[in-house]
Amino acid sequence: MFNLFHRKKNKVRLPYHTDVHSHILPGVDHGSQDVQQSLEMLRAELEMGIDRVICTSHVTAETFENTSKSLTEAGKVLQKAIEEVELPIEIQVSAEYRIDEYWSKLYAAGDILPMPGGYLLLENSFQQELLELDELLFDVQLKGYRPILAHPERYSYYSRRRGRLEQLHNAGVKFQINILSLTGYFGAGARDTVLWLIKHGMVDFLGSDMHNVEHAHIIQDYLRTRDWRKQFAQIGENRLLNDNVR
Ligand SMILES: [Fe+2]
(Lines give C-alpha, C1' and ligand atoms only; values in the text may rest on other atoms or scores of the structure.)
Protein backbone atom coordinates (compact mmCIF):
# COMPACT_ATOMS: atom_id res chain seq x y z
CA MET A 1 0.00 0.00 0.00
CA PHE A 2 2.74 2.39 1.03
CA ASN A 3 4.65 1.51 -2.11
CA LEU A 4 1.71 2.26 -4.35
CA PHE A 5 1.16 5.60 -2.67
CA HIS A 6 4.82 6.42 -2.89
CA ARG A 7 5.00 5.52 -6.58
CA LYS A 8 2.07 7.76 -7.41
CA LYS A 9 3.71 10.71 -5.71
CA ASN A 10 7.12 10.04 -7.16
CA LYS A 11 6.72 11.28 -10.73
CA VAL A 12 9.56 10.67 -13.10
CA ARG A 13 10.48 13.42 -15.51
CA LEU A 14 11.43 13.24 -19.14
CA PRO A 15 14.87 14.59 -20.03
CA TYR A 16 13.44 17.27 -22.35
CA HIS A 17 10.71 19.91 -22.13
CA THR A 18 8.91 19.75 -25.47
CA ASP A 19 6.37 17.12 -26.50
CA VAL A 20 6.32 17.16 -30.30
CA HIS A 21 3.41 14.77 -30.83
CA SER A 22 0.09 15.01 -29.01
CA HIS A 23 -3.66 14.95 -29.60
CA ILE A 24 -4.49 17.43 -26.89
CA LEU A 25 -6.49 20.05 -28.81
CA PRO A 26 -10.15 19.68 -27.84
CA GLY A 27 -12.74 18.32 -30.26
CA VAL A 28 -10.81 18.16 -33.54
CA ASP A 29 -9.89 14.46 -33.76
CA HIS A 30 -10.23 11.28 -31.69
CA GLY A 31 -7.88 12.63 -29.02
CA SER A 32 -9.19 15.02 -26.39
CA GLN A 33 -12.95 15.47 -26.70
CA ASP A 34 -13.32 18.59 -24.58
CA VAL A 35 -11.38 21.29 -22.75
CA GLN A 36 -11.48 19.47 -19.42
CA GLN A 37 -9.81 16.40 -20.95
CA SER A 38 -7.23 18.64 -22.60
CA LEU A 39 -6.37 20.28 -19.26
CA GLU A 40 -6.08 16.88 -17.59
CA MET A 41 -3.66 15.78 -20.30
CA LEU A 42 -1.64 18.99 -19.96
CA ARG A 43 -1.37 18.44 -16.21
CA ALA A 44 -0.01 14.96 -16.92
CA GLU A 45 2.52 16.51 -19.33
CA LEU A 46 3.65 18.92 -16.59
CA GLU A 47 4.09 16.00 -14.18
CA MET A 48 6.51 14.49 -16.71
CA GLY A 49 8.51 17.72 -16.92
CA ILE A 50 7.00 18.90 -20.22
CA ASP A 51 6.20 22.61 -20.35
CA ARG A 52 5.86 23.08 -24.12
CA VAL A 53 3.38 21.01 -26.07
CA ILE A 54 3.16 20.99 -29.82
CA CYS A 55 -0.45 20.12 -30.58
CA THR A 56 -0.42 17.77 -33.55
CA SER A 57 -4.03 16.83 -34.17
CA HIS A 58 -4.83 14.49 -37.04
CA VAL A 59 -5.34 15.87 -40.50
CA THR A 60 -6.55 13.02 -42.71
CA ALA A 61 -8.80 12.71 -45.74
CA GLU A 62 -12.43 11.94 -44.88
CA THR A 63 -11.86 11.17 -41.18
CA PHE A 64 -10.41 14.42 -39.85
CA GLU A 65 -10.43 17.07 -42.54
CA ASN A 66 -9.03 19.79 -40.32
CA THR A 67 -7.74 23.05 -41.73
CA SER A 68 -5.28 25.58 -40.34
CA LYS A 69 -8.35 27.57 -39.31
CA SER A 70 -10.13 24.77 -37.42
CA LEU A 71 -6.94 23.87 -35.54
CA THR A 72 -6.05 27.47 -34.73
CA GLU A 73 -9.57 28.02 -33.38
CA ALA A 74 -9.30 24.96 -31.11
CA GLY A 75 -5.90 26.24 -30.00
CA LYS A 76 -7.43 29.57 -28.98
CA VAL A 77 -10.09 27.82 -26.91
CA LEU A 78 -7.47 25.74 -25.12
CA GLN A 79 -5.15 28.72 -24.62
CA LYS A 80 -7.96 30.62 -22.92
CA ALA A 81 -8.63 27.68 -20.58
CA ILE A 82 -4.91 27.37 -19.78
CA GLU A 83 -4.85 31.02 -18.76
CA GLU A 84 -8.01 30.69 -16.69
CA VAL A 85 -6.61 27.86 -14.58
CA GLU A 86 -3.07 29.33 -14.73
CA LEU A 87 -1.29 26.23 -15.98
CA PRO A 88 2.42 26.98 -16.48
CA ILE A 89 2.54 25.39 -19.93
CA GLU A 90 2.96 26.68 -23.46
CA ILE A 91 1.07 25.24 -26.42
CA GLN A 92 1.81 25.59 -30.12
CA VAL A 93 -0.66 24.55 -32.78
CA SER A 94 0.61 22.35 -35.60
CA ALA A 95 -0.69 19.05 -36.97
CA GLU A 96 0.06 15.44 -37.81
CA TYR A 97 -0.46 15.32 -41.55
CA ARG A 98 -1.35 11.98 -43.08
CA ILE A 99 0.18 11.88 -46.52
CA ASP A 100 -2.92 11.42 -48.68
CA GLU A 101 -4.98 13.31 -51.26
CA TYR A 102 -6.24 15.77 -48.64
CA TRP A 103 -2.66 16.62 -47.64
CA SER A 104 -1.78 17.21 -51.32
CA LYS A 105 -4.64 19.67 -51.57
CA LEU A 106 -3.67 21.58 -48.42
CA TYR A 107 0.02 21.57 -49.32
CA ALA A 108 -0.67 22.92 -52.81
CA ALA A 109 -2.83 25.67 -51.30
CA GLY A 110 -0.20 26.51 -48.67
CA ASP A 111 -2.78 25.82 -45.96
CA ILE A 112 -0.47 24.02 -43.53
CA LEU A 113 0.75 24.71 -40.01
CA PRO A 114 4.38 23.73 -39.55
CA MET A 115 5.89 23.57 -36.09
CA PRO A 116 8.29 26.32 -35.03
CA GLY A 117 11.55 25.88 -36.94
CA GLY A 118 9.65 24.66 -40.03
CA TYR A 119 9.30 21.09 -38.81
CA LEU A 120 6.40 19.13 -40.31
CA LEU A 121 5.06 15.99 -38.66
CA LEU A 122 4.05 13.60 -41.43
CA GLU A 123 2.30 10.28 -41.10
CA ASN A 124 2.41 7.47 -43.66
CA SER A 125 -0.56 5.33 -44.55
CA PHE A 126 -0.68 2.23 -42.34
CA GLN A 127 -1.48 0.00 -45.34
CA GLN A 128 1.41 0.73 -47.67
CA GLU A 129 4.00 3.32 -48.48
CA LEU A 130 2.89 5.99 -50.91
CA LEU A 131 4.40 5.52 -54.37
CA GLU A 132 5.67 9.09 -54.63
CA LEU A 133 6.97 9.34 -51.05
CA ASP A 134 10.58 10.15 -52.04
CA GLU A 135 9.53 12.93 -54.41
CA LEU A 136 7.17 14.37 -51.84
CA LEU A 137 9.78 14.41 -49.08
CA PHE A 138 12.28 15.96 -51.45
CA ASP A 139 9.85 18.71 -52.42
CA VAL A 140 8.97 19.44 -48.80
CA GLN A 141 12.67 19.88 -47.99
CA LEU A 142 13.25 21.96 -51.09
CA LYS A 143 10.60 24.37 -49.83
CA GLY A 144 12.54 24.73 -46.59
CA TYR A 145 10.47 22.46 -44.34
CA ARG A 146 12.01 19.82 -42.11
CA PRO A 147 9.99 16.61 -42.38
CA ILE A 148 9.59 14.39 -39.35
CA LEU A 149 8.14 10.94 -39.91
CA ALA A 150 5.72 10.18 -37.09
CA HIS A 151 6.30 6.81 -35.39
CA PRO A 152 8.14 4.95 -38.19
CA GLU A 153 8.01 1.84 -35.98
CA ARG A 154 4.24 1.61 -36.38
CA TYR A 155 4.17 0.96 -40.14
CA SER A 156 4.34 -2.82 -40.18
CA TYR A 157 5.51 -2.91 -43.82
CA TYR A 158 8.83 -1.39 -42.72
CA SER A 159 9.51 -4.16 -40.21
CA ARG A 160 10.28 -6.44 -43.17
CA ARG A 161 12.36 -3.82 -44.97
CA ARG A 162 14.24 -1.83 -42.42
CA GLY A 163 16.80 -0.79 -45.01
CA ARG A 164 14.09 1.47 -46.36
CA LEU A 165 13.94 3.27 -43.01
CA GLU A 166 17.67 3.82 -43.22
CA GLN A 167 17.24 5.22 -46.73
CA LEU A 168 14.56 7.68 -45.62
CA HIS A 169 16.65 8.78 -42.66
CA ASN A 170 19.68 9.29 -44.87
CA ALA A 171 17.51 11.42 -47.17
CA GLY A 172 17.08 13.93 -44.36
CA VAL A 173 13.82 12.74 -42.80
CA LYS A 174 13.88 12.91 -39.02
CA PHE A 175 12.28 10.12 -37.02
CA GLN A 176 9.93 10.60 -34.08
CA ILE A 177 9.26 7.47 -32.08
CA ASN A 178 6.42 6.98 -29.63
CA ILE A 179 7.34 6.28 -26.03
CA LEU A 180 4.21 4.12 -26.02
CA SER A 181 5.85 1.86 -28.62
CA LEU A 182 8.68 1.19 -26.17
CA THR A 183 6.15 0.02 -23.59
CA GLY A 184 4.82 -2.62 -26.00
CA TYR A 185 1.50 -0.76 -26.29
CA PHE A 186 1.52 -1.13 -30.09
CA GLY A 187 2.70 -4.73 -30.04
CA ALA A 188 5.95 -6.66 -30.20
CA GLY A 189 6.63 -5.70 -33.82
CA ALA A 190 6.60 -1.96 -33.13
CA ARG A 191 8.77 -2.43 -30.06
CA ASP A 192 11.29 -4.53 -32.04
CA THR A 193 11.54 -1.84 -34.70
CA VAL A 194 12.05 0.85 -32.06
CA LEU A 195 14.87 -1.15 -30.51
CA TRP A 196 16.40 -1.49 -33.97
CA LEU A 197 16.08 2.27 -34.58
CA ILE A 198 17.70 2.98 -31.20
CA LYS A 199 20.54 0.59 -31.94
CA HIS A 200 21.19 2.28 -35.27
CA GLY A 201 21.06 5.84 -33.91
CA MET A 202 17.95 6.86 -35.81
CA VAL A 203 15.82 8.30 -33.01
CA ASP A 204 15.65 12.08 -33.40
CA PHE A 205 12.52 12.88 -31.41
CA LEU A 206 10.51 11.16 -28.72
CA GLY A 207 6.79 11.87 -28.54
CA SER A 208 3.90 10.91 -26.32
CA ASP A 209 1.32 10.78 -29.15
CA MET A 210 -1.13 10.92 -26.26
CA HIS A 211 -4.79 10.78 -27.21
CA ASN A 212 -6.06 10.64 -23.63
CA VAL A 213 -4.82 10.77 -20.07
CA GLU A 214 -4.57 6.97 -19.88
CA HIS A 215 -1.78 7.13 -22.46
CA ALA A 216 0.02 9.62 -20.20
CA HIS A 217 -0.32 7.26 -17.24
CA ILE A 218 1.12 4.33 -19.22
CA ILE A 219 4.09 6.52 -20.14
CA GLN A 220 4.51 7.70 -16.54
CA ASP A 221 4.60 4.09 -15.33
CA TYR A 222 7.12 3.18 -18.01
CA LEU A 223 9.42 6.05 -17.04
CA ARG A 224 9.91 4.35 -13.68
CA THR A 225 11.23 1.15 -15.22
CA ARG A 226 14.77 -0.06 -15.65
CA ASP A 227 13.99 -0.67 -19.33
CA TRP A 228 13.38 3.05 -19.87
CA ARG A 229 16.69 3.96 -18.25
CA LYS A 230 18.46 1.40 -20.43
CA GLN A 231 16.80 2.50 -23.67
CA PHE A 232 17.25 6.18 -22.91
CA ALA A 233 20.94 5.71 -22.19
CA GLN A 234 21.25 4.14 -25.64
CA ILE A 235 19.27 6.85 -27.41
CA GLY A 236 21.50 9.47 -25.84
CA GLU A 237 20.09 12.67 -24.40
CA ASN A 238 22.26 14.86 -26.57
CA ARG A 239 20.98 13.60 -29.86
CA LEU A 240 17.31 14.26 -29.13
CA LEU A 241 15.97 17.30 -31.00
CA ASN A 242 12.74 17.81 -29.03
CA ASP A 243 13.79 21.15 -27.54
CA ASN A 244 15.13 22.37 -30.91
CA VAL A 245 11.57 22.86 -32.13
CA ARG A 246 11.46 26.60 -31.68
FE1 LIG B 1 -0.56 10.91 -33.54
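Two residues are in contact if their C-beta atoms, placed from the backbone, lie within 7 Å. Keep that in mind for these exercises on a predicted model, where local features need pLDDT of at least 70, side-chain atom pairs count only at pLDDT 80 or more, and totals for chains, interfaces and linings use all residues. Residues are numbered from 1 along each chain as its sequence is written.

**Exercise 1. Find the residues that G207 touches, leaving aside its neighbours within four places in sequence.**

Step 1. Start with the location: G207 lies in strand β7. Strands (E, at least two residues) and helices (H or I, at least four) are DSSP runs, numbered from the N terminus.

Step 2. List the contacts: D19, V20, H21, Q176 and N178.

Step 3. Check one of them along the chain and in space. G207 and D19 are 188 residues apart in sequence, yet their C-alpha atoms are 5.7 Å apart.

Step 4. Classify the site. A residue is buried if 20 or more other C-beta atoms lie within 10 Å of its own, exposed if 12 or fewer, and partly exposed in between, with C-beta atoms placed from the backbone. G207 has 24 C-beta neighbours inside 10 Å, so it counts as buried.

**Exercise 2. Work out the strand order of the open sheet and say which strands stand at its edges.**

Step 1. Two strands pair if DSSP finds at least two bridges between them. Strands β2 (residues 52-59) and β3 are joined by 8 bridges and run parallel; here I54 has Q92 of β3 as its bridge partner.

Step 2. Move on to β3 (residues 90-98) and β4, a parallel pair with 3 bridges. R98 is partnered by E123 in β4.

Step 3. Next, β4 is linked to β5 (residues 146-150) by 4 bridges, again in parallel, and L121 has I148 of β5 as its bridge partner. From β5 to β6 (residues 174-178) there are 3 bridges, also parallel, with I148 opposite K174.

Step 4. Put together, the 7 strands have the order β1-β2-β3-β4-β5-β6-β7. β1 (18-19) and β7 (205-207) each have a single partner strand, so one side of each is left without a neighbour in the sheet.

**Exercise 3. Describe how helices α2 and α10 pack.**

Step 1. Axes are lines fitted to C-alpha atoms, for helices over the stretch in contact, and angles run from 0 to 180 degrees between N-to-C directions. For α2 (residues 35-47) and α10 (residues 213-222), the angle is about 15° and the axes are 9 Å apart.

Step 2. Angles under 35 degrees count as roughly parallel, over 145 as roughly antiparallel, 65 to 115 as roughly perpendicular and the rest as oblique. Therefore α2 is roughly parallel to α10.

Step 3. Name the contact: E40, M41, A44 and E47 of α2 meet V213, A216 and Q220 of α10.
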